[in-house]
Amino acid sequence: MRITSATGASLRGLNVVVTGGAGFIGNEVCRQLVSAGANVTAIDNLVNGKMDNLADLRGSAFSFHQADIRDVDRMSELLRSRDLVLHLACLGVRHSIHAPIENHDVNATATLRLLELARGNEVGRFVYVSSSEVYGTAQTAPMSEQHPLWPMTVYGAAKLAGERYTDAYWRTYRYPTTVVRPFNAFGPRSHHECDSGEVIPKFLLRALCGSPLLVHGDGRQTRDFTFVADTAAGIIACATSPHTLGETINLGSGREISINDLANAVAAVVGSGDLSIEHGPDRPGDVRRLLADVSKARTLVGFQAQVGIEEGMRRLLNWYRSLDVPLTTLLAQERPVNWVGSR
Ligand SMILES: NC(=O)c1ccc[n+]([C@@H]2O[C@H](COP(=O)([O-])OP(=O)(O)OC[C@H]3O[C@@H](n4cnc5c(N)ncnc54)[C@H](O)[C@@H]3O)[C@@H](O)[C@H]2O)c1
């Protein structure tokens with residue numbers, strides 16, 4: 001049961017498990033896999049994922065299982081006879097600031113257990129979705145996969161442990177694995193709420209509701225934002241290519257933007273010239289600069305992000321407007337806190 005090609009045709013009938021399938025990136029991965037003809041089993045304990053994210057995914061090629069990836073018996077059963085595991089389930093960076101032990105338990109320890117279950121159940125391949133947070137702040141830019149690994153947070157450190165376990169299974173056992181390192185993703189179904197909230201949905205909702213945008217620190221920190229459909233397509237391409245076995249691969253847009261410039265771009269997309277911006281203190285563990293070198297992904301699987309930041313934000317804006325929920329209700333779920341010891 002080896003995956004041998006990155007072409008769409010090779011996905012037809014492939015039995016794929018997606019952990020974290022009800023999450024922001026996971027649901028898009030499931031949707032693209034189902035469209036390409038794969039049989040998809042999504043697993044999520046719904047601690048941050050939402051069933052609404054999967055509402056349009058119906059039919060015999062898709063199933064959802066509410067389960068915790070730390071439940072070994074359940075996972076063993078769900079991994080049996082699969083061709084591919086895409087492991088996206090995780091607890092996020094802000095969670096790691098107030099709950100470092102649990103964060104490590106899910107992001108690192110459970111990954112090691114899943115690897116062992118996948119190998120034991122002869123799953124054809126295991127793909128770990130890591131994060132650019134494993135790098136810490138850029139010492140040189142753009143950041144290739146060779147950039148030093150110096151995570152700032154327990155989240156980044158736990159993701160690094162998870163990816164190194166994944167790589168060790170390839171090196172020690174020749175068990176087929178791949179690690180992908182997405183940079184910040186954004187788009188429809190992104191998190192605006194509580195400690196999962198990300199800057200683009202938070203800014204857009206505030207702008208749409210006429211509230212000031214809240215910038216942590218001086219706003220000169222930069223990020224490489226990738227539209228979620230591009231991130232998901234990159235994950236699938238890396239997961240199904242014969243050229244990526246044992247490899248670790250960045251997925252980003254290759255463009256950086258400061259948070260201050262992002263605030264101005266949000267104002268332009270929303271059409272609001274008089275947005276006010278408030279600056280608060282720095283966030284703990286906030287990375288100063290991230291910019292992906294995506295030449296490896298381009299060379300190995302032909303990856304190139306298709307949707308730019310303004311177009312991606314317009315799509316997110318249209319998605320918000322299509323929802324049956326007042327934007328003020330969504331904004332009320334957003335929390336303007338700086339995460340120190342917060343929950
Ligand atoms: N969103 C980004 O910008 C970004 C950037 C880089 C890397 N990543 C990585 O991509 C992956 C997906 O991120 P996302 O943004 O979709 O996050 P997300 O929080 O939306 O998705 C993660 C999912 O995992 C589920 N989960 C958490 N603990 C679980 C457990 N114990 N058992 C089962 N399910 C559990 C959550 O309910 C959630 O649905 C993660 O591995 C993350 O590290 C994300």
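A residue is near a molecule or strand if its C-beta atom, placed from the backbone, lies within 6 Å of it. The ligand is surrounded by 30 residues, and the closest are G20, G23, F24, G49 and S131. The model is a predicted one, in which local features need pLDDT of at least 70 and side-chain atom pairs count only at pLDDT 80 or more, while totals for chains, interfaces and linings use all residues. Residues are numbered from 1 along each chain as its sequence is written.

Helices (H or I, at least four residues) and strands (E, at least two) are DSSP runs, numbered from the N terminus. Helix α1, residues 24–35, supplies three residues to the shell around the ligand, the largest share. By class, the shell holds 14 nonpolar, twelve polar and four charged residues. Here Ala, Val, Leu, Ile, Met, Phe, Trp, Tyr, Cys and Pro count as nonpolar, Asp, Glu, Lys and Arg as charged, and the others, Gly among them, as polar.

A residue is buried if 20 or more other C-beta atoms lie within 10 Å of its own, exposed if 12 or fewer, and partly exposed in between, with C-beta atoms placed from the backbone. E122 is exposed because 12 other C-beta atoms lie within 10 Å. C194 has 16 C-beta neighbours inside 10 Å and therefore counts as partly exposed.

Another backbone feature is the cis peptide bond from A141 to P142, whose omega is near 0°. P142 belongs to the loop between β5 (125–129) and α5 (154–173).

The protein chain as a whole contains eleven helices and 13 strands. Its C-alpha trace spans about 55 × 45 × 35 Å along the principal axes. The radius of gyration is taken over C-alpha atoms, and the globule rule is 2.2 Å times the number of residues to the power 0.38. For 343 residues, a compact globule would have a value near 20 Å, and the 19 Å of the protein chain agrees with this. Buried residues account for 50% of the 343 residues.

Two residues are in contact if their C-beta atoms, placed from the backbone, lie within 7 Å. Of the contacts in the protein chain between residues at least 6 apart in sequence, 80% join residues at least 24 apart.
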